[in-house]
Amino acid sequence: MQRVVRGRVREWTAVLSVVSLALVFGAALGAIPRALLPVAPDAVFDVIPHVNAVLSTLAIVTIVAGVTASRRGDYERHRRLMIVSLFFFAGFLVLYLYKVTIQGPASFPGPAAVEQYLYLPLLAVHILLAVVCVPLLYYVFLLAATRPITEVFDTRHKQVARVAAALWVVSFVLGNVVYVLLYIVY
């Protein structure tokens, strides 16, 4: 399988990106039938945003630590930290998709002016960055996962990863700001 993917990283990136984004937008737009999933007690749904905020914060920490490890030349540590970041992101995404599929997107409970001039612009940038990050993350992950570390230097991993990591961190930070506005401030 590794050899199949290695020679077709761009194609696999495209397929995985389309499937992932279809799931996210399908959940957010109500296109995924709720009957496909078991419904958890309300307490589970109440805790998901808080768990996701923790996962987002942990992802920010591991991404920054991973970038730092790479800059120091500790590529094995970098690889481990970035894999952990992906697990945090995957956990976040599964919980988010589950909650949104069952309950729909959260509506903003604060004043209309705050919603229009702060919340919605922040949310829009967060969503845009998250959408842009998906193919970048798949691409750098597949390049790294299908090669020994010494061969990764012969790819575009470093150039694309710089952009991906920066956008990923900003997206997570904005996601946490959205969380604070939705669940803490209002």
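Colleague: Leaving aside its neighbours within four places in sequence, which residues is Thr 101 in contact with?

Modeller: This is a predicted model, in which local features need pLDDT of at least 70 and side-chain atom pairs count only at pLDDT 80 or more, while totals for chains, interfaces and linings use all residues. Residues are numbered from 1 along each chain as its sequence is written, and side-chain values use heavy atoms, with hydrogens and water left out. Contact means heavy atoms within 4.5 Å. With neighbours within four places in sequence set aside, the partners of Thr 101 are Ala 27, Ile 32, Pro 33, Arg 34 and Leu 37.

Colleague: Is Thr 101 buried or exposed?

Modeller: Thr 101 sits in helix H4, residues 75-103. Buried means under 20% relative accessible area, exposed over 50%, and partly exposed in between (1.4 Å probe, protein chains only). At 5% relative accessibility, Thr 101 therefore counts as buried.

Colleague: Which class of accessibility does Leu 37 fall in?

Modeller: Leu 37 belongs to the loop between helix H2 (9-28) and H3. Apart from neighbours within four places in sequence, its contacts are Tyr 98, Thr 101 and Ile 102. Its relative accessibility is 29%, so Leu 37 counts as partly exposed.

Colleague: What distance separates the C-alpha atoms of Leu 37 and Ile 149?

Modeller: Along its principal axes, the C-alpha trace of the protein spans about 50 × 35 × 30 Å. Leu 37 and Ile 149 are 112 residues apart along the chain, and the separation of their C-alpha atoms is 40 Å.

Colleague: How many helices does the protein have?

Modeller: Helices (H or I, at least four residues) and strands (E, at least two) are DSSP runs, numbered from the N terminus. From that end, the elements run α-α-α-α-α-α-α. The strand count is 0 and the helix count is 7.

Colleague: What radius of gyration does the protein have?

Modeller: The radius of gyration is taken over C-alpha atoms, and the globule rule is 2.2 Å times the number of residues to the power 0.38. For 186 residues that rule gives 16 Å, and the protein is close to it, so it is as compact as a globular protein of that length, with a radius of gyration of 18 Å.

Colleague: Which residues is Ala 165 in contact with, neighbours within four places in sequence aside?

Modeller: Ala 165 is one of the residues of the largest nonpolar core. With neighbours within four places in sequence left out, its contacts are Ile 63 and Val 67.

Colleague: How many Å apart in space are Tyr 179 and Ala 165, C-alpha to C-alpha?

Modeller: Tyr 179 lies in helix H7 and is buried, with a relative accessible area of 16%. Setting aside neighbours within four places in sequence, its contacts are Pro 49, His 50, Ala 53 and Ile 184. Tyr 179 and Ala 165 are 14 residues apart in sequence, and their C-alpha distance is 21 Å.

Colleague: Is Leu 128 buried or exposed?

Modeller: Leu 128 is in helix H5. Its C-alpha atom is 9.9 Å from that of Leu 167, 39 residues away along the chain. With a relative accessible area of 54%, Leu 128 is exposed.

Key. A nonpolar core is a set of buried Ala, Val, Leu, Ile, Met, Phe, Trp, Tyr and Cys residues joined through side-chain atoms within 4.5 Å.
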